[in-house]
Amino acid sequence: MELKVTEEKENALFGRKEIKGHVRSEISPSKAEISRLLSEKFLMPAENIKIKEIKGKFGTKIFNIEANVYSLKKDKDEIELKKKKEDVKLVNN
């Protein structure tokens, strides 16, 4: 699986980098796999990364991704909305 960043914007107000890019993969990548790739590229822990979207087109092996990479986990927790599934995971762990 290879990652290519096409757009990277620094958003100082929210303390994050807004990332857009492409991932080449044989199967649809999971959010955990994308988080791992981004954490290796930007040298940030995976818990500081919020994957917004993974989109693929039928018949291709290229997936478009959008993500926010936060400098602090505290900033991510305060800014990003949590879905019910994410809240349940936090309570169970």
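Predicted model: local features only at pLDDT ≥ 70, side-chain atom pairs only at ≥ 80, totals over all residues.

Reader: Okay, where does K20 lie?
Author: K20 is part of strand β2, which covers residues 16–24.

Reader: And is K20 buried, partly exposed or exposed?
Author: K20 has a relative accessible area of 36%, and because buried means under 20% and exposed means over 50%, K20 counts as partly exposed.

Reader: Which residues is K20 in contact with, leaving aside its neighbours within four places in sequence?
Author: Those residues are V5, T6, E7, I65 and E66. V5 is 15 residues away along the chain, yet the C-alpha atoms of K20 and V5 are separated by 6.0 Å, while E66, in β4, stands opposite K20.

Reader: How do β1 and β2 pair, then?
Author: Strand β1, residues 2–11, pairs with β2 in the antiparallel sense over nine bridges, and within that pairing E2 stands opposite R24. The hairpin of these two strands has four residues between them, and G15 takes a positive phi near 65° there.

Reader: What about β2 and β4, how many bridges join them?
Author: Nine bridges join β2 to β4, residues 62–70, and the two strands run antiparallel; H22, for instance, has N64 in β4 as its bridge partner.

Reader: Stepping back, what is the order of the strands in the sheet?
Author: The sheet is open, with four strands in the order β1-β2-β4-β3 and antiparallel pairing. The edge strands, each pairing on one side only, are β1 and β3, and the twist averages 15° from one strand to the next.

Reader: Last one, which strands does helix α1 lie across?
Author: Helix α1, residues 31–42, lies across β1, β2, β3 and β4, and runs at about 120° to β3.

Note on methods:
Residues numbered from 1 in each chain as written. Heavy atoms only, no water. Buried < 20%, exposed > 50% of the residue type's maximum accessible area, 1.4 Å probe, protein only. Contact = heavy atoms within 4.5 Å. Pairing = 2+ DSSP bridges. Axes fitted to C-alpha atoms, helices over the stretch in contact; angles between N-to-C directions.
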